[in-house]
Amino acid sequence: MACLHFYDFHPPLSDFQAEILAGLSSRQKTIAPKFFYDAEGSQLFDRICELPEYYLTRTEIGLLERYGDQIAGAVGPEALLFELGSGSSRKIRLLLDALRPASYVPIDISKHHLRVAANALFSDYPWLEIHAVCADYAGSWNLPPGLEGQRRIVFFPGSSIGNLTPGEAAALLKRMARLVGDGGGLLIGVDLVKNVDVLEAAYNDRQKVTEAFNKNLLVRINRELDADFRIDRFDHLAFYNPELDRIEMHLASPEAQLVRIADRTIRMAAGETIHTENSHKYSLASFRRLALRTGFRPGKVWIDPEGLFSIHYLSA
């Protein structure tokens with residue numbers, strides 16, 4: 001009989017504090033985007049996915065709906081299916097009936113969101129063995145026991161690969177190639193280079209949900225690390241960097257200010273920013289080159305009619 005298992009490898013609070021202080025002490029202040037996803041941040045991101053300007057989610061879902069049978073044919077049945085950054089697990093529902101995987105392993109850093117999504121999936125798919133893993137998928141986590149000997153497939157949707165620098169993306173893809181092994185594969189969503197106005201509108205929505213999502217980082221740090229960020233003294237800044245083919249998100253300080261975190265004081269100069277996220281965009285050729293360098297063989301690719309987004313199947 002199928003079961004639902006939960007494994008908690010969430011990084012301890014001390015790691016969160018150390019990473020935040022290290023990032024804010026660097027020349028270009030940074031906060032890693034993985035820290036967006038506390039309970040409030042996860043809910044805000046779900047709202048972003050419904051925004052009219054944010055084409056990524058609806059376009060990827062449209063591809064999964066339109067080409068689900070083709071995708072299932074490329075992936076094959078009875079696999080051990082991992083999903084990195086599973087979030088609300090909305091997209092995986094479009095694949096489960098067609099794929100009929102032997103087991104499903106959602107991996108997400110937001111513990112609350114993961115529990116809710118895993119319980120909902122188990123209720124709706126009682127035949128499915130679920131091993132939910134709360135972890136930073138780019139960090140250190142352990143494979144749940146009893147999963148050896150099955151053909152492995154990773155599902156990595158949402159163009160989350162774009163949040164990583166090219167070097168980080170290559171390292172993660174190599175790790176995924178090792179995880180799935182010979183005969184395994186990777187189904188991955190990749191956002192494509194496109195009109196700058198479309199890109200910048202997606203990260204500067206009129207309802208300002210993305211702004212709230214970005215600023216929630218500071219709310220979380222205040223709450224969990226006893227900091228004193230003045231949220232109203234920071235501006236949301238998102239723009240396209242054409243030299244690096246990426247959207248950058250920042251929190252800008254329009255005036256000089258001091259921020260206390262634990263026993264440290266962080267100085268912000270007027271006009272200085274905290275870099276919170278990148279979203280790299282790829283051409284089909286540039287992503288295929290990256291895949292080839294990291295242990296994968298490019299296979300089928302599915303693209304929407306407007307050329308906004310792509311889903312690739314890569315064989316290890």
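Contact is taken here to mean heavy atoms within 4.5 Å. The legends describe a predicted model, in which local features need pLDDT of at least 70 and side-chain atom pairs count only at pLDDT 80 or more, whereas totals for chains, interfaces and linings use all residues. Residues are numbered from 1 along each chain as its sequence is written, and side-chain values use heavy atoms, with hydrogens and water left out.

View 1. Leu251 is found in strand β9 (residues 246–252), where helices (H or I, at least four residues) and strands (E, at least two) are DSSP runs numbered from the N terminus. With a relative accessibility of 0%, Leu251 counts as buried; buried means under 20% relative accessible area, exposed over 50%, and partly exposed in between, with a 1.4 Å probe and protein chains only. Leaving aside neighbours within four places in sequence, Leu251 is in contact with Asn214, Lys215, Leu218, Phe234, Asp235, Glu272, Thr273, Ile274 and Thr276. For one of these residues, Glu272, which is 21 residues away along the chain, the C-alpha atom is separated from that of Leu251 by 8.6 Å.

**View 2. Helix α5 and its buried side.** Helix α5 (residues 111–124) has 14 residues and reaches 20 Å from its first C-alpha to its last, close to the 20 Å expected at 1.5 Å a residue, the expected span being 1.5 Å times one less than the number of residues. The residues His113, Leu114, Ala117, Ala118 and Leu121 of α5 are buried. They cover an arc of only 120° around the axis, which puts them on the same side of α5; the arc is that of the directions from the helix axis to the C-beta atoms. The elements that cover these buried residues include β1 (4–8), α2 (39–48), α4 (93–99), β4 (103–108) and β5 (129–134).

**View 3. Salt bridges between separate parts of the chain.** A search of the whole structure finds 17 salt bridges, each defined as a side-chain nitrogen of Lys or Arg within 4 Å of a carboxyl oxygen of Asp or Glu. In one of them, the side chains of Asp136 and Lys34 meet at 2.8 Å, N to O. Asp136 lies in the loop between β5 and β6 (152–156) and Lys34 in the loop between β2 (29–30) and α2, so the pair ties together parts that are 102 residues apart in sequence. Asp136 is buried, with a relative accessible area of 12%, whereas Lys34 is partly exposed at 22%. The side chains of Glu60 and Lys91 likewise meet in a salt bridge, at 2.6 Å, N to O. Because Glu60 lies in helix α3 (residues 55–75) and Lys91 in the loop between β3 (80–84) and α4, this pair ties together parts that are 31 residues apart in sequence. Glu60 is buried, with a relative accessible area of 1%, and Lys91 is buried as well, at 13%.

View 4. Strand β10 runs antiparallel to strand β11 (residues 264–268) and is joined to it by five bridges, two strands being paired if DSSP finds at least two bridges between them. The two strands form a hairpin with two residues between them, and Ala262 in the turn has a positive phi of about 55°. Val259 stands opposite Ile266 in β11. In a regular strand the side chains alternate between the two faces of the sheet. In β10, the covered face holds Gln257, Val259 and Ile261, and the uncovered one Leu258 and Arg260. Arg260 forms a salt bridge with Asp226, the closest N and O atoms being 3.9 Å apart. This pair links distant parts of the chain, with Arg260 in strand β10 (residues 257–261) and Asp226 in the loop between α8 (209–225) and β8 (235–241), 34 residues apart.

**View 5. Arg220 in helix α8.** Arg220 is found in helix α8 and, at 8% relative accessibility, counts as buried. Asp38, Arg220, Arg223 and Glu224 are linked in a network of salt bridges. Not counting residues up to four places away in sequence, Arg220 touches Phe16, Phe35, Tyr37, Asp38 and Leu225. The side chain of Arg220 reaches the backbone oxygen of Phe35 at 2.9 Å.

Notes: Polar contact = N/O pair within 3.5 Å; in protein donor to acceptor, adjacent residues only side chain to side chain.
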